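Please open the structure in your viewer and keep the sequence beside it.

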Amino acid sequence: MKKTAIFPGSFDPYTKGHHDIVMRSLDIFDEVIIGIGYNSTKKNRYFDIDLMVKKIESVYEGMDSVKVIVYNELTSTLAKKHGANFLIRGLRNTTDFEYENTISQMNRYLNEDLETVFLITSPQYAAISSTVIREVHRYGGDVSEFLPYSI
Ligand code: ADP
């Protein structure tokens, strides 16, 4: 049976840390769906969502095992629709853990077929955060080092 995983996030912007999680997930799963959600606590995006879809797609050009979608519903519902039994999240530190722990319990409650799989960040990407990148970019700093080439 094909193993499909959803990797949900805001990806505002999509970073080398996110890319690393996707590439490592492809060693485990047959297909990874990158789901760009409208996070209710981060309503106003900094980078245009349609532009970000195009940019992420270009990172995985020619790779049929990676899809990019935008969604505006529960991640657990999205997973069901796509026949995905796995949800991927990245963990950088204990703050991520505290948050992710709660979310994963809720997702399990909402969709008992959904298993959350946590991948610990690779050390070279541990300090990369979309929030910090947005702040540096806003004030004219060069953030290209932290983003995949086509982003
Ligand atoms: P969200 O708004 O859902 O937290 P993000 O786009 O910030 O979305 O992150 C999506 C996922 O990627 C989360 O699981 C987050 O912990 C993980 N992540 C973000 N940055 C990194 C990184 N540098 N290394 C590993 N995982 C990361």
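Begin with asparagine 111, which lies in the loop between α4 (94–110) and β5 (115–120); helices (H or I, at least four residues) and strands (E, at least two) are DSSP runs, numbered from the N terminus. This is a predicted model, in which local features need pLDDT of at least 70 and side-chain atom pairs count only at pLDDT 80 or more, while totals for chains, interfaces and linings use all residues. Residues are numbered from 1 along each chain as its sequence is written, and side-chain values use heavy atoms, with hydrogens and water left out.

Is asparagine 111 buried or exposed? Asparagine 111 counts as buried because its relative accessibility is 3%, where buried means under 20% relative accessible area, exposed over 50%, and partly exposed in between (1.4 Å probe, protein chains only).

Next, select leucine 74, in the loop between β3 (66–71) and α3 (75–81); with a relative accessible area of 48%, leucine 74 is partly exposed.

Then turn to the aromatic rings, where a search of the whole structure finds five aromatic pairs. Tyrosine 46 and phenylalanine 47 form an edge-to-face pair, at 4.7 Å centre to centre and with 90 degrees between the planes; rings of Phe, Tyr and Trp (its six-membered ring) pair if their centres lie within 6.5 Å, and planes under 30 degrees apart count as stacked, over 60 as edge-to-face and the rest as tilted. Finally, select Phe7, Phe11, Tyr14 and Tyr60, which form one aromatic cluster.
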